[in-house]
Amino acid sequence: MSIVCFTSLTFTDLPRARVLAETLRPAHPDWALWAVLVDRPPPSYANRAAFAGFDRVLTVEQLGIPSVLPWLFRHDRVEACTAVQRPMLRHLLALGADTVVYFAPDIAVFHPLAALAERLETASILLTPPQTGPDGGFLAVRNDAAGGTFADCDAPDAELFERVAVVRDPGWGVASLKRLAFTPAGGIAVDGSPLVFCRFSDVGDASEPHELRRWYERRVTAHTEPGIPPGFWHFASFSDGTPIPRAARLLARARPDVMARFADPFDAAGDSFAAWFAAQA
Amino acid sequence: MDEPPPATSLRAIAPPAAPALGPDDVRRLVTTACVAARGLVVSVSHDRYIEVAGGTQLPIADEQRKFNGDRAVYLHLSPVHAALGLAPSGPGPLWLTVMIDGAVRGIATAGGVALALASLASGPASALPRLFVVHALHGHRPEAVAAIAAALRPRHAFFWVHDFGTACASAHLLRNDMAFCHAPPPDSMACRVCVHGPGRPAHIARVRALFQAVPFHLVAPSAEALVLFRAATDLPVLDAIVHPHAGLEPAGTAAPSDDDSPPRVAFVGPAARFRDMLPTIAATATCFHFARRAELRALEGLTLVAAESTPTRPFGMVRALAEHRIDLVLALSPWPETFGTIAHEALAAGADLLATEGSGHVATLAAANEGSVLFADDAAIVAFFRDGRAAAHVRARRAGGRQGFALTYTGSTATIAFDATPPTTDRPDVHLVLRGARLDGTETDGMCRFVLPPAGPEDAKRTVRLRSRHLRGAWDKDAEGERRRLGIAVADLRLDGAPVPAGDPRRLGGWHKPEPGWQWTDGDAALLVGAATTLEVTVLPFARYWRAPLLADPA
């Protein structure tokens, strides 16, 4: 069974995504790991080796999303990384992967997802319950009719829900690092089950001292690339460097008629969306 | 001088006034020390044990004294740069502090020491039985340790399990320096998230290469240490033995007391280990913190007592605990102690132990000792005080009269035997050292008679050294309180038949204050013999003398 795993990221997420790659690889060396980059590189940054942990890297502009720049303009960074999951999922299913797995870039994998294949025998879509955030950061979709429908539709119907399973194994995501315990054999367990993965933005108070959090911070620091400004996102500003206000993005969603005039709403030159927006203000 | 002089930064951390020694300097020092010696012991550990109070350093100092007690030379090597893990391998020299018989003689490179030891093969030291003892590898290069062992060509090589530095750079097996890890496989998830994990495979490989190069006898100071060593590593060794650093012998019983004052509780070691539990315990007990002065921290409800056991005051902690009439000593250890010096000292001071499961040999001591209590964890200790059990326990123990113990250090490697050879003898091995050579006499009924070589006209101030083994007993038992190093009790001494009485100025250095009927030497006493041709020494058969079984002639 071919399993393709992907994450979506911006350059700001790159250190965390590299930790995902370095932890997923030993757990599942046979899985292909893809990344979809919802970003363009910072000026003068061109270290392709930073992505060496991934088998393939696609940019959001390679996914065939219609009018991709206006589409991107309607989202902030987190929204864009979330919204790109469906097109990427469709892309990978179309390429023929038997199963596609999504991990949020701030997840680290500690033990193999041993139950994945078994759970997908009776379900086409696997989710994990959110711990503290809006989602569990994990999704697995089988390449069958239900999986395809899930990838295609934005509002799954009731019939589809019968093929959706929520994995409630305590090791698949954890709400608090205080529940973790190290075993004498060197494993990490949650309530007696192996810790399979952990989403580090989703585990309680970030100031909570815990050796696993310290480890994650060390790995993220080790994978942090010089030349990427903190919080960088190419699509955070107009082409003249002016930050794009949230109101502009909301307006872009509400006024498709206006957006139709601007093939590249990020372009601040001439008769631009930026100028139109400034005039509206 | 064959080696480059040490860098300025090295000079800053090297022992004060310690010269940089080249291979020839080391060879000369060792050769001189080995004159008339019975053996040469080369030992390796992580620091200058004579300057540091600790559970590893104390047994090394004891080992050195007892080997010296059999007139063996004790050459000790420690890294000038202290480190928690192994010293990185590299092309630059690794500088070691060179100590002989407890005195710093200088610093030398590991390569220079190996060269010096290899060159002994052609000198008088080559005939001596040689032993190699590794007490700790922190700060050392295992490759250099193997080279030193190869150059020495020892009769036996020993590796002591003071800790688990063979399995990880975290010698106490503390994952992320926080919690005991059980030494899981190096590719385990626990190692992957540990600060010591990334370097562990290379660490293990370097240690394994040492064990493959040197056929070690493994020595553990407790059975618990040996079990954990075997669980943590599969290093090749010749054999493995358990040989404690010290023992506790029953020594009287304290008089029963109806004292119902609050329990007197001692915390020992770093304050960080007990800070959280202190408020609860201090509410029902009188609390003390016993530690070396630099470790003492002022905390509410705590009386600070500067105390430590050192090579020169090995029972310092025992005496301090006893003087403060401590009822309970909290032996808090986050890792399985291989021996537990503090726990031994607590029992010798008449206190009971409060220990937690998982503390290795300390837990075993607590479980075996009537009056000591073993707890599941720190929280259970706190509950013991909170619910009044501690106060009731102490009242009952005071009323019953506690069994006392005497702490006796064994000499560690100095008393290991592979046969029935006992570690003591009634033969003091009295001999002379004259002009750098050993001179034996003949013995009849306790009187040793030496024939001195003819003196030349320039020999009016000729001296000899009257050497012997050291008397067993001094320094070894708290109860004895003897601080002197004793050699032989000389009842009569004659030159050419004429008495040289106690107090005679010809008895130069190395003589203790005369006592009625005899005068003790310190085992290496100087005597002005001038042009005399005979020397007769009558020795009182007082006691037994130290003998290192490993240095005895094979049967």
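This is a predicted model: local features need pLDDT of at least 70, side-chain atom pairs count only at pLDDT 80 or more; totals for chains, interfaces and linings use all residues.
I started with two helices of chain A: α9 (residues 246-254) and α11 (residues 273-280) pack at an angle of about 100 degrees, with axes 11 Å apart. Axes here are lines fitted to C-alpha atoms, for helices over the stretch in contact, and angles run from 0 to 180 degrees between N-to-C directions. That makes α9(A) and α11(A) roughly perpendicular, a label for 65 to 115 degrees. In contact (heavy atoms within 4.5 Å) are A:A247, A:A248 and A:L251 from α9(A), and A:F273, A:W276 and A:F277 from α11(A).

Residues are numbered from 1 along each chain as its sequence is written, chains are lettered from A in the order in which they are written, and side-chain values use heavy atoms, leaving out hydrogens and water.

Next I looked up the chain pair. Chain B and chain A bury about 1100 Å² between them, 59% of it on carbon and sulfur atoms; buried area is the accessible area (1.4 Å probe) that two parts lose on being put together, summed over both. B:M189, B:R192 and B:V193 supply 46% of what chain B buries against chain A, more than any other three residues. Chain B puts 14 residues into the contact and chain A twelve.

I also checked charges and found one salt bridge between the chains, meaning a side-chain nitrogen of Lys or Arg within 4 Å of a carboxyl oxygen of Asp or Glu. B:R175 pairs with A:E211 in a salt bridge, closest N and O atoms 2.8 Å apart.

Conventions. Helices (H or I, at least four residues) and strands (E, at least two) are DSSP runs, numbered from the N terminus. Angles under 35 degrees count as roughly parallel, over 145 as roughly antiparallel, 65 to 115 as roughly perpendicular and the rest as oblique.
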